[in-house]
Amino acid sequence: MTFVARGFVAASAALMLSGAGVMAQGGHSHVAANGGQIQQIGAYEAELVVKGADVMLYIVDKQEKKVDAAKFSATAVVLAADNQQKTVEMSPSGENRLAGKIDFPVTGKIRATVTLKSGTAEAGKGRYSLDAR
């Protein structure tokens, strides 16, 4: 194999590996600004962050501009200890953030299905699997 061909193969492998990293973050090419996991929920991108008992959902539009959270609410159905499903209600908590509290034990990774609502209408759902911080 020539030097040029080896370089092409190495560059191709690097591109495939970097693409795998993008897919691992829910298919998004940008970094989660708050250290959580980003998923597409309806017309929005929503980043779920769990710090201790605090659950936060940051909402941006497709151009990654912050969306006013005042008109939104969300529920997160979380897999708790012993595989019990528990619901966390999230309400506006400043700028583009919704927040709620976990008041039950969670083991291992946080697994949650988040339903985002605008008023009484459902905007969409996203599934998350992340480590609590």
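Q: Which residues lie nearest the centre of the largest pocket?
A: The lining of this pocket comprises 16 residues. The model is predicted, so local features need pLDDT of at least 70 and side-chain atom pairs pLDDT 80 or more, while totals for chains, interfaces and linings use all residues. Nearest the centre are Ala33, Asn34, Tyr58, Val60 and Asn96.

Q: Which element gives the most residues to the lining of the largest pocket?
A: The pocket holds about 250 Å³ of space, a volume filled by probe spheres on the grid points. Two elements each give two or more residues to its lining, namely S2 (44-51) and S3 (54-60); strands are DSSP runs of E with at least two residues, and helices runs of H or I with at least four. The most, three residues, come from S2.

Q: How many charged residues are in the lining of the largest pocket?
A: Here Asp, Glu, Lys and Arg count as charged, Ala, Val, Leu, Ile, Met, Phe, Trp, Tyr, Cys and Pro as nonpolar, and the others as polar. The lining has six nonpolar and four polar residues. Its charged residues number six.

Q: How many residues are in the largest nonpolar core?
A: Residues are numbered from 1 along each chain, and side-chain values use heavy atoms, without hydrogens or water. A nonpolar core joins buried Ala, Val, Leu, Ile, Met, Phe, Trp, Tyr and Cys residues through side-chain atoms within 4.5 Å. Leu57, Met90, Leu98, Val114 and Leu116 touch the most other members, and S2, S3, S4, S5, S7 and S8 each supply at least two residues. The size of this core is 26.

Q: Is Gly100 buried or exposed?
A: Gly100 belongs to S6, residues 97-101. Contacts of Gly100 beyond four places in sequence are Ala53, Asp54, Val55, Val88, Glu89 and Met90, contact meaning heavy atoms within 4.5 Å. Buried means under 20% relative accessible area, exposed over 50% and partly exposed in between, with a 1.4 Å probe. Because its relative accessible area is 11%, Gly100 is buried.

Q: How far apart in space are Gly100 and Leu57, C-alpha to C-alpha?
A: Beyond four places in sequence, Leu57 touches residues including Ala46, Leu48, Ala74, Met90, Leu98, Val114 and Tyr128. Leu57 and Gly100 are separated by 43 residues in sequence. In space, their C-alpha atoms are apart by 8.9 Å.

Q: Which residue of S5 is the bridge partner of Ala74?
A: Strands S4 and S5 run antiparallel and are joined by six bridges; pairing requires at least two DSSP bridges. They form a hairpin with five residues between them, and Asp82 in the turn has a positive phi of about 60 degrees. The S5 partner of Ala74 is Met90.

Q: Which residue in the hairpin of S5 and S6 takes a positive phi near 95 degrees?
A: S5 and S6 pair in the antiparallel sense over two bridges. One of these pairs Pro92 with Leu98 in S6. Four residues lie between the strands, and the positive phi belongs to Gly94.

Terms used. On a 1 Å grid over the protein atoms alone, a cavity is a set of points where a 1.4 Å probe fits but cannot get out, and a pocket is an open set with protein on both sides within 12 Å along at least five of seven lines; lining residues have an atom within 4 Å of a point.
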